[in-house]
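Visitor: Please walk me through this structure, one feature at a time.

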Amino acid sequence: MADALTRTPALAGAPSGRFGLAAGAAPQVAVEALADLAMAQAFAAPGVDLDARLAGRGELRRLGPGQRLVMGATAQALGDLAPEVSAVEQSGSRARIGVSGPGAAVLLARGVGADLHPSRFAEGASAPMLFGRIGIVLARQGAERWEVLVPRSYALSLWEELLEAGRSLGLEARGPGGR
Amino acid sequence: MSGRRLPVAARIDRGRPIRFRFDGREHQGFEGDTLASALIASGVGIFGRSFKYHRPRGVLAAGSAEPNALVTVGTGGRQEPNVRATMLEIFDGLEARSQNAWPSRRLDVGALNGLLSPLLGAGFYYKTFMWPPKAWERVYEPLIRRAAGLGRAGIEPDPDRYEKTWAHCDLLVIGAGPAGLSAAVTAARAGARVILADEGAEPGGWLLDDGGDASSALREDLLAELRAAPEVRILPRATVFGWYDDNVFGALERVGKHLPPDPDRPVERLWRIVARSAVLASGAEERPLVFAGNDLPGVAMASGIRRRLVGQAVAPGRRVAVVTNGEAGYSLAAALESREVEVAAILDCSPPSAHDPERYAPARGDWRGGQAEDWRGVARIVRGRPLRAVGMRAVEALEIERRDGSRRRLAVDAVAMSGGWSPNGQLACQRGARPEWSEARQAFLPPIDQPGLHVAGAAAGLVGRAACLADGARQAVAALGEIGLAAAPAFDPAPEDAPPPRALGAQGSGRGKSFVDFQNDVTVDDLARARQEGYGHPELAKRYTTSAMATDQGRMGAVNAAVILAEAQGLAPGAVPLTTQRPFFSPVSFGALAGAARAEAFRPARRSPLHAWSQARGAVFLETGAWLRPAWFPRAGEPDWATAVAREARMVRLAAGLCDVSFLGKIELTGADVPAFLNRVYLNGMAKLPVGRARYGVMLREDGFVMDDGTVARLAEDRWVLTTTTAKAEEVMAHLEFCAQVLWPELDVRLASVSDAWAQMALAGPKAREILGAVVDLDLSDAAMPFMGAAQAPLRGAPGVTARVFRISFSGELAYEIAVPADLGPAVADAIMAAGQGAGICCYGAETLAVLRIEKGHVTHAEIDGRVTAHDLGIGRMVSAKKADFIGRAMLGRPALTAAGRLQLCGLQAVDPAQAFRAGAQVLNAGAAPSLEGAQGHVSSTCWSPHLGRTLGLALVRDARARHGEEVQVWDGLRGETCAARIVPPVHFDPENRRLHG
């Protein structure tokens, strides 16, 4: 009887536009609402090589020792790995924000205390950390391209903080509806 | 007086005039000027009045230690007091004002304090304003505060932006003088990641002040190399103010202080620099000489005069006396004379023991190794000491005493003084190390090589450019070696120039005040008095006299104070130590410390997946912790919030209501040992919870008090979900992770916080069952889904999606909580509202939830306030007697936790329906006088109950369970209100729980 239920993007309502000094020039950094993905939190039983077991199941984000976030996978889809790997459904728990451009690392350093130098945080690396007071998972996807996973409840606050922190760099924001 | 600008080469851009205002009058300077240099150039001598005696003050130094030339900049929200004119680069439109002067800085009434000075010395306030004691707070202190002090902060909100950032490097170099540049180049050549922070507008330090061609060329070369190095970042206008744990340094960058306001550019940026190692090359501060009138406008540090002479082509006066105990005075005299400024005399006050008449004399032609200017040797060299600078508003003459005892009066309009150098080693002493006196260098030296921080160049007491270049390189090699990086020094070892022969205490005995701490108006006499009265220890003298307590933190005066205190006790210089160093090295604005965290952005807000949904329905939001929670949903025509809340509460009990409870903490557990784990963290039995059931649970802290409550549901053989209160979600998660990882690592338990993955809604009221049935595909009959049942069920309208349904109730009604994937939350909420429309559903907020739960006697953290036991809450019977152990059990039996007279949970009802009481009020025995003495307890929660038609509350009252029916008074001491109330059982409404079961 019910109509089909529609899904709401985690960053619904996040504003788009150009912000800051470089409004006329090329912005130094782009902040973008990335498409929501299914995700599952995978745990390893003691002694299990989690990364090996999860190979091919999706991109992995480090949450801690023996814990990964599997991007694009539901907990159900990882059910066959039990009992050595157990999974908890986390789809929708985090928004994905893309931060890219020559000023991307500069912008991130305004909230993140981790060392983002390529020798310390190489492409493909990810780690949980704080941006200001918000817990995030940061993943480096390219020399100047990053993915920020932020708890859904904090997504708009982080979006606003990024826009504010990026004003002196010149920033272009693309919310979920933005082009 | 005007026309102090010399027609000689300097680093100002004369093609770019800049107009600004000082005390309302327009002035003109050039790009490259500081406010100090521009005002001196246009003939301004008095910059403001001093802290206590309102003495006219000019410019003493040149850098961030400047104690005298403090001005207020900007107006309105941008008003900033105590800006050092020596650090402020001028810009078009700059507005600055003098401080502490009334009616004007030239004619100031407060200067009468100078005549009263015998009464106003150190300790004066403590001795004079003792009686009556109450008058201190109300009369004396406000009066003194008005008369004393420097600038006043603005009270309007600051419209400017401030930024914070982190940075990381292998080597942080603090100071970009010869030693710093050399250290940075050494590190850059080794491929290290380098941050070079310098306080000045341009890096270079002494290489800029020196003014010689060789220094300029060297500076250009080194900077060019650093700018070309990919891993080097140069931070100009950045003061490193603190050295913290883990080798993190704090630095304040003046990003836009020298520019007109811009909405997108921060005025300041606070850096937190994580450095694997660091070189402190912060140079040295020139020491003032202590003689009468040494604070008169026109008397200034030789190094400050030199910086303005070389950098901005500004002469200190027409005829200058140079008073020095070392090479710096001679060097300045040369620089002055080469620019056609008359030097009346060089007064060399180094002591006889160090007397070497030819020390500088033979060098007249080539006295700095041929690297500096040509000494033309016009000025006479006089051996002796300064007695007194004479003048009313500016120096007019200097009285001196020759070595043979004869006295002379030199007519001059400027006095340059140089009393040797105090290494800027403060940063190296911020983490417990203390500076030590070096007899050889006549200075307090910081420890040179602590792990993580090496001190180089003049900051280590070295003298001379070549020696500093070599030392910077050497210390960089050492610092990098410490972190396993090999480097070769960029400069070879080189000998030092001669250090000043002797640090000097008080000089003049002429009449008048001899200042030691200029900004706080502390004189030699004040230090003498401190010693006389038993406060001779430097830490006590500091607090008694306020010496070294000004914004320069003793950078100008602390060494002189220590030497004078030592002399007063008949001790050698250095026998009295310096006072403790602490951050900040230089003042840091509150704006920079706050960064962007102000107003709405003070802390990040958390929003439920239903936030926008609630907003669209007109919710009024309430901050609870970081969360923004809907408090109520007003409808048109409702006069106030109470009406809306009463209506919502009635509708829930009459039909149905939907409430967002996504705020609850949600933790999912799997693993073979979860039953054992839960049994240990809850006080009640959890091990045998069957699949498809939920159970209320209470956790204790180790000390036996209640930590949190919530529900545990077992959704599958190997899947549990527990809820926590909103307030304690993070704390409980951290507690459980600690238990799993540290206390019982042998248990197979995997914990995940899933708070953000689910939108959770409470659907409560007699119509809840039929409404929910339209949303989930689940048998909701009592048989299939009894009270405290838990199930997973397909969500209608979303193929393949499973909802979690729990039959639990906070409202006391037939109620369910339904959790759906967060992104489906708004759609499901819409579906529920649509399904319930005919039944009369409403949405309700946290205030209504509170009414419903208070009516039912359910507790929250208003009651679980960290001081209550399970027995206090009336749930003592839940404490499992069968379990061998659980967290908090061992401490439960403590006498204090089981004693009679503890506060117990009860209900309170206002006797008169027209009267109300509030949470926080005290419960008194009937007839007792309004007083905290004899208070029986306090009210924890209250509400107006539309169902009982009166004010209800929950309270913690002494032995309450034995006192049901007793009438008491509720006393609100803050508002002076008293209300008669009756103690009742906590459950005010439907005590048999009939409604719960539909």
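Visitor: In what order do the four strands of the open sheet in chain A lie?
Guide: This is a predicted model, in which local features need pLDDT of at least 70, side-chain atom pairs count only at pLDDT 80 or more, and totals for chains, interfaces and linings use all residues. Residues are numbered from 1 along each chain as its sequence is written, chains are lettered from A and ligands numbered from 1 in the order written, and side-chain values use heavy atoms, without hydrogens and water. Strands here are DSSP E runs of at least two residues, helices H or I runs of at least four, numbered from the N terminus, and two strands pair if DSSP finds at least two bridges between them. The pairing in this sheet of chain A is antiparallel, and the order is E4-E5-E3-E6.

Visitor: Which strands are the edge strands of this sheet?
Guide: An edge strand here pairs on one side only. That applies to strand E4 (60-64) and strand E6 (85-89) of chain A.

Visitor: Which residue of E6(A) stands opposite Ala44(A)?
Guide: Strand E3 (residues 39-44) of chain A pairs with E6(A) in the antiparallel sense, over five bridges. Opposite Ala44(A) stands Val85(A).

Visitor: At what angle between the planes do Phe121(A) and Trp146(A) form an aromatic pair?
Guide: Rings of Phe, Tyr and Trp (its six-membered ring) pair if their centres lie within 6.5 Å; planes under 30 degrees apart count as stacked, over 60 as edge-to-face and the rest as tilted. Phe121(A) lies in the loop between helix H2 (104-109) and strand E8 (126-131), and Trp146(A), 25 residues apart from it, lies in strand E10 (residues 145-151) of chain A. Their centres are 5.6 Å apart and the pair is tilted, at 50°.

Visitor: Is Phe121(A) buried or exposed?
Guide: Buried means under 20% relative accessible area, exposed over 50%, partly exposed in between (1.4 Å probe, protein chains only). Trp146(A) has 1% and is buried. Phe121(A) has 6% relative accessibility, so this residue counts as buried.

Visitor: How many residues of helix H21 in chain B are buried?
Guide: Helix H21 (residues 846-855) of chain B is mostly covered. Its buried residues include Leu849(B) and Leu852(B), and the buried residues are in contact (heavy atoms within 4.5 Å) with elements of chain B, among them helix H16 (641-654) and strand E45 (937-945). Of the ten residues in H21(B), the number buried is eight.
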